[in-house]
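My entries follow in the order of looking.

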Amino acid sequence: GMRAPSFCSMPRCTKRRHEHDAGMPRASLAILVIDENRIRASIIEAGLREAGHDNVALVHDVTGIARRIAEINPDVIVIDLENPNRDMLENMFQLSRAVKRPIAMFVDRSDQASIEAAVDAGVSAYVVDGLKQERVKPILDMAISRFNAFARLTRELEEARSELADRKLVERAKGILMKSRGMTEEAAYALLRKTAMNQNRKIAEIAQSLVTAAGLLEPGDEG
């Protein structure tokens with residue numbers, strides 16, 4: 001069979017792997033398989049190895065799993081639960097929220113509520129009744145690309161939010177300078193920028209200090 005190419009082209013991932021295994025010419029994906037059933041785990045492992053993934057760790061016991069994940073530091077996590085109860089699922093969803101990595105989950109049976117909970121918890125691929133050796137790799141690929149897309153969206157949203165907050169701060173700081181020092185808007189901005197450069201800080205940080213200080217200096221409501 002043909003060896004499928006390793007698809008870990010994410011810069012972060014590749015970089016981390018290379019630091020991790022300096023001697024390796026090609027970054028290989030570290031995959032952790034969590035499965036209490038050894039037979040099923042070997043099906044998943046076979047599917048991954050067939051697809052050219054040889055960096056696979058198996059964990060058969062979910063107790064203390066968070067610590068094991070920290071030790072293994074995988075790029076992707078595959079969780080296989082035959083017939084999970086509510087508590088078990090909830091534990092795995094909590095794990096998913098905490099680890100911030102692509103997670104593919106295989107379950108034999110599921111109800112709508114659990115499927116929705118999985119999506120909420122950020123499980124990248126939630127597969128009901130689909131554990132077949134040849135499906136493991138495409139599902140893993142999908143989990144990774146979905147995770148990356150979602151992470152990028154989240155990051156862009158965060159950046160946009162903080163940029164907006166920064167802009168509002170700078171506007172307020174300019175207003176304070178214009179009022180207290182009778183400056184034009186341009187002069188106020190120039191002063192903020194110059195101060196930021198002198199102190200080697202961001203304009204928004206200077207604006208924040210000014211807004212805080214102005215709040216402290218304001219007289220109380222004596223009128």
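I took two strands as paired if DSSP finds at least two bridges between them, and I took helices (H or I, at least four residues) and strands (E, at least two) as DSSP runs, numbered from the N terminus. This is a predicted model, in which local features need pLDDT of at least 70 and side-chain atom pairs count only at pLDDT 80 or more, while totals for chains, interfaces and linings use all residues. Residues are numbered from 1 along each chain as its sequence is written, and side-chain values use heavy atoms, with hydrogens and water left out.

I found β1 and β3 paired in the parallel sense over five bridges, with Asp35 opposite Asp80 in β3.

I then followed β3 (residues 76–81) to β4 (residues 103–107), which run parallel and are joined by five bridges; Ile77 has Ile103 as its bridge partner in β4, and Val78 stands opposite Ala104.

Going out to the whole sheet, I read an open arrangement of five strands in the order β2-β1-β3-β4-β5, with parallel pairing. The edge strands, each pairing on one side only, are β2 (56–59) and β5 (125–128).

Six of the six residues of β3 are buried, so the strand is largely enclosed by the rest of the structure.

How values were computed: Buried means under 20% relative accessible area, exposed over 50%, partly exposed in between (1.4 Å probe, protein chains only).
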